[in-house]
Amino acid sequence: MIKSLTAIIALALAGPCLAQTTWQMPTPYPEASVVTRNVMRFADEVREATGGKLNIVIHPAGSLIKHGEIKNAVRSGQVEIGEILASTLSNDDPIYEMDSLPFLVNDFEDAQRLWGVVREHAQKDMTRQRMTLLFANSWGPQGLYSKSPIQSTEDMRGAKFRAYNYSTERIAQLAGAVPTQVEAADMAQAFSTGRVNMMVTSTATGVSAAVWDFLDHYYDVRVSIPFDLILVNNRALEALEPDVRSALAEVAARSEGRSWSMAEDDDKEKLKTLSEKGITVEPGSDALRNELKKIGETMSAEWEKRAGPTGSSLLKVYKDQ
């Protein structure tokens, strides 16, 4: 009788464990970055909202899967969910590069409007690839970091320029710099060893990489406000109970809404940190900003040709809003 009672109690206690689903979520960025902090909060809220039925384990800094392999890992079911920078998909579809077109957006309100224009196209594309686009996760504005002072793009000529997508590579080329592919996780080593000495990226990435150890200048030229995509494997999503799927969608919507304000607040805080750590923070000279804007105009024209009628249509919708 006692053995039977013990077995019943053990079964009852095991019930919630048997009902729990665990998803693995790789992300390319360090825990301290604003995007990773948001997805970690997302995972906590999903766990709470589902009563522990869905547990999402975050693997930051490319520790589980490297950035360039995350999309395929989600699509194949190697992992259930993952985060990637939207513009890394531009070779597959130029529309994903839209958020990185220089000076297309001026502030976070513009960035949200742009995402609203791109979302439907991106979701259809991911559905075709057996994935669901869960939400967008915003970065802060992208500025220009350098070891040496920059007064105009002439000072960028010959620089070893860190590139992480087509847009940053093309900026480097048009400015006369030499683009070199370097992921966020490898950035500190690349700069410390002299492999690169200039880059366009966010204040969040700059602080997480402690750029004051190897760089001296930050120009707040606000090239773009890019975003990441959180993708889910459709088979894993469909395997969830309906109430869990519903809770997941609600938390994802809140996480997306929160990401824009988190990124904006984080950028202000990180600008202050850069300055306190000895980085010279400047808005950039008129000459530099004007020359970079001309590069942006060239890139936008090139992008429209690559993106074809779909790109032209989306760009018109965004500009007409």
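Author: In the classes used here, Ala, Val, Leu, Ile, Met, Phe, Trp, Tyr, Cys and Pro count as nonpolar, Asp, Glu, Lys and Arg as charged, and the others, Gly among them, as polar. The model is predicted, so local features need pLDDT of at least 70 and side-chain atom pairs count only at pLDDT 80 or more, while totals for chains, interfaces and linings use all residues. Residues are numbered from 1 along each chain as its sequence is written, and side-chain values use heavy atoms, with hydrogens and water left out.

On a 1 Å grid over the protein atoms alone, a cavity is a set of points where a 1.4 Å probe fits but cannot get out; a pocket is an open set with protein on both sides within 12 Å along at least five of seven lines, and lining residues have an atom within 4 Å of a point. Grid points are joined across faces, edges and corners, and a volume is the space filled by probe spheres set on the points.

Three cavities of 30 Å³ or more are present. The largest cavity holds about 130 Å³ of space. It is lined by 14 residues, of which Tyr29, Leu85, Trp139, Arg162 and Tyr164 are the closest to its centre. By class, this lining comprises six nonpolar, six polar and two charged residues.

The second largest cavity has a volume of about 80 Å³. Of its 13 lining residues, Ser100, Tyr164, Ser167, Thr168 and Ser224 are the closest to the centre. Six of the lining residues are nonpolar and seven polar, with no charged residue. Helix H5 supplies the largest share of this lining, three residues; helices (H or I, at least four residues) and strands (E, at least two) are DSSP runs, numbered from the N terminus.

Helix H3 (67-76) and H5 each supply at least two lining residues, and the largest share, four residues, comes from H3.

H5 also has a place beside the sheet. Six strands form an open, mixed sheet in the order S7-S6-S8-S5-S9-S11, where two strands pair if DSSP finds at least two bridges between them. Helix H5 (residues 166-175) packs on this sheet and touches strand S6 (160-163), S7 and strand S8 (198-202), contact meaning heavy atoms within 4.5 Å.

Conventions
Axes fitted to C-alpha atoms, helices over the stretch in contact; angles between N-to-C directions.
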